[in-house]
Amino acid sequence: QVQLVESGGGLVQPGGSLRLSCAASGNIVRINNMGWYRQGPGKQRELVATITSGGSTNYADSVKGRFTTSRDNAKNMVYLQMNSLKPEDTAVYYCEAEVVITTTRLSYQYWGQGTQVTCSS
């Protein structure tokens, strides 16, 4: 069993910054790829950023240059630093992880509960 818990969301003004955290816990052997997704009002869930176990990253064009994802493998955590926030970034942000668990030694995909980010003036 694995749990992902996001934190750090909130209300910010345009141009502001937030740092989201996602902590993984449970029967973890290792965590492979991790990602951040978001879902705005009336929109489908979209991929924001991904990061491999080795730290290689990819970003959606809409956030490139403004957002940075990183991870701390020793702590089983992943972060999303969001700078220069825009109203269009308003969404529920979810973290996702591909986790090899102890019981099966197989990889499964897990999702966090989401954290609200609102950028408004």
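A nonpolar core is a set of buried Ala, Val, Leu, Ile, Met, Phe, Trp, Tyr and Cys residues joined through side-chain atoms within 4.5 Å, where buried means under 20% relative accessible area, exposed means over 50%, and partly exposed lies in between (1.4 Å probe, protein chains only). The model described here is predicted: local features need pLDDT of at least 70, side-chain atom pairs count only at pLDDT 80 or more, and totals for chains, interfaces and linings use all residues. Residues are numbered from 1 along each chain as its sequence is written, and side-chain values use heavy atoms, with hydrogens and water left out.

The largest nonpolar core has 30 residues, and those with the most contacts inside it are Leu80, Met82 and Tyr93. Two or more residues of this core come from each of strand S1 (2-7), S3, strand S4 (28-39), strand S5 (46-51), strand S8 (77-82), S9 and strand S11 (115-119). Strands such as these are DSSP runs (E, at least two residues), numbered from the N terminus, as helices are (H or I, at least four residues). S9 gives the most to this core, with 6 residues. Leaving aside neighbours within four places in sequence, tyrosine 93 is in contact (heavy atoms within 4.5 Å) with Glu6, Leu20, Tyr37, Arg38, Val48, Phe67, Leu80, Met82, Gly114, Thr115 and Val117.

Next comes the disulfide. A disulfide is a covalent bond between the sulfur atoms of two cysteines; here the criterion is a pair of cysteine sulfur atoms within 2.5 Å. The structure holds 1 disulfide, formed by cysteine 22 and cysteine 95, with their sulfur atoms 1.9 Å apart. Cysteine 22 lies in strand S3 (residues 18-26) and cysteine 95 in strand S9 (residues 91-101), so the pair ties together parts that are 73 residues apart in sequence. The torsion about the S-S bond of cysteine 22 and cysteine 95 is about 50°, so this disulfide is right-handed. Both cysteine 22 and cysteine 95 are buried.

Strand S11 can be followed through its partners and its two faces. Two strands pair if DSSP finds at least two bridges between them. S9 and S11 run antiparallel and are joined by 3 bridges; tyrosine 93 stands opposite threonine 115 in S11. Strand S2 (residues 10-12) also pairs with S11, in the parallel sense, over 3 bridges. In a regular strand the side chains alternate between the two faces of the sheet. In S11, Thr115, Val117 and Cys119 make up the covered face, while Gln116 and Thr118 make up the uncovered one. Cysteine 119 counts as buried because its relative accessibility is 3%.

On the S2 side, leucine 11 has threonine 118 as its bridge partner in S11. Not counting residues up to four places away in sequence, leucine 11 touches Thr118 and Ser120. Leucine 11 counts as exposed, because its relative accessibility is 66%. The C-alpha atoms of leucine 11 and glycine 114, which are 103 residues apart along the chain, are separated by 15 Å.

A pair of aromatic rings is described by the distance of the centres and the angle of the planes. Rings of Phe, Tyr and Trp (its six-membered ring) pair if their centres lie within 6.5 Å; planes under 30 degrees apart count as stacked, over 60 as edge-to-face and the rest as tilted. By this rule there is 1 aromatic pair: tyrosine 37 and tryptophan 111 are tilted, at 4.8 Å centre to centre and 55° between the planes. Tyrosine 37 is in strand S4 and tryptophan 111 in strand S10 (residues 107-111), 74 residues apart, and the pair links distant parts of the chain. At 19% relative accessibility tyrosine 37 counts as buried, whereas tryptophan 111, at 32%, is partly exposed.

Arginine 45 meets two rings. A charge sits over a ring if NZ of Lys or CZ of Arg is within 6 Å of the ring centre and within 35 degrees of the ring normal. The charged end of arginine 45 sits over the ring of tyrosine 94, 3.8 Å from its centre. Arginine 45 also lies over the face of tryptophan 111, at 4.9 Å from the ring centre.

Most residues other than glycine have a negative phi. Serine 84, in the loop between S8 and S9, has a positive phi of about 50°, and at 40% relative accessibility counts as partly exposed. Arginine 105, in the loop between S9 and S10, has a positive phi near 60° and is exposed, with a relative accessible area of 56%.
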